[in-house]
Amino acid sequence: MSKKALAAKIRLVIEAGQAKPAPPVGPALGQAGLKIMDFCKDFNAKTADMKPDVPVSVLINAYEDKTFDYVMKTPPATYFIKKAAGISSGAQKPGHQVAGKISIKHLYAIAEVKQKDTPHIGMESMVKNLMGTCKSMGVQVV
């Protein structure tokens with residue numbers, strides 16, 4: 001049995017249950033020659049039980065025979081950090097302004113969720129990575 005030939009890898013961030021044939025989903029899948037509505041219906045069905053404003057990272061593998069498969073990842077770390085800190089956006093000048101505060105306990109909880117995507121990275125490394133993300137957003141870790 002031979003493997004399918006991979007034509008393209010497409011990365012998108014789509015809000016849960018909000019996949020539509022409009023940009024950014026339509027043009028990205030259309031360029032690869034994939035059936036846009038099949039993806040939208042399947043994605044929306046799989047994310048129907050999630051909150052509608054949650055961004056979901058999706059990795060789509062498009063094959064040369066115009067078929068596809070996709071893997072849904074956890075939301076970006078910035079989404080979790082903003083929710084935990086209770087802010088809508090990061091600081092305009094990170095390092096000079098503090099947009100919010102977050103506890104180390106919250107970072108460990110976020111790291112547990114994010115480890116589903118990268119199980120080969122240790123918990124300490126994941127938390128350090130999240131601390132760097134907080135710093136770049138202007139969120140103080142206490």
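I take buried as under 20% relative accessible area, exposed as over 50%, and partly exposed as in between, with a 1.4 Å probe and protein chains only. By this rule I record tyrosine 108 as partly exposed, because its relative accessibility is 38%.

**Basis.** I am working on a predicted model, in which local features need pLDDT of at least 70, side-chain atom pairs count only at pLDDT 80 or more, and totals for chains, interfaces and linings use all residues. I number residues from 1 along each chain as its sequence is written, and side-chain values use heavy atoms, with hydrogens and water left out.

**Surface patch.** I located tyrosine 108 in helix H4, residues 104-114; helices are DSSP runs (H or I) of at least four residues and strands are E runs of at least two, numbered from the N terminus. Tyr108 forms a nonpolar surface patch with Ile104 and Met131, and together they have about 250 Å² of accessible area. Patch members have over 30% relative accessible area and no salt bridge; like charges are joined within 9 Å, and nonpolar side chains (Val, Leu, Ile, Met, Phe, Trp, Tyr) within 5 Å. A salt bridge is a side-chain nitrogen of Lys or Arg within 4 Å of a carboxyl oxygen of Asp or Glu. Areas come from the Shrake-Rupley method with a 1.4 Å probe, and for residues only the protein chains shown count as cover.

**Aromatic pairs.** I pair rings of Phe, Tyr and Trp (its six-membered ring) if their centres lie within 6.5 Å; planes under 30 degrees apart are stacked, over 60 edge-to-face, and the rest tilted. The count comes to four aromatic pairs. One of them is phenylalanine 39 with phenylalanine 68, edge-to-face at 6.1 Å centre to centre and 65° between the planes. This pair links distant parts of the chain, 29 residues apart: phenylalanine 39 lies in helix H2 (residues 36-46) and phenylalanine 68 in strand S3 (residues 68-72). Phenylalanine 39 is buried at 0% relative accessible area, whereas phenylalanine 68 is partly exposed at 23%. I also noted tyrosine 79 and phenylalanine 80, which are edge-to-face because their ring centres are 5.7 Å apart and their planes at 65°. Tyrosine 79 is buried at 14%, and phenylalanine 80 is buried at 19%. Phe39, Phe43, Phe68 and Tyr70 form one aromatic cluster.

**Backbone.** I found a cis peptide bond between proline 23 and proline 24, with omega about 5°. Proline 24 is in the loop between strand S1 (6-15) and helix H1 (25-31). Lysine 66, although not a glycine, has a positive phi of about 70°. Lysine 66 sits in the loop between strand S2 (55-63) and S3, and is partly exposed at 48% relative accessible area.
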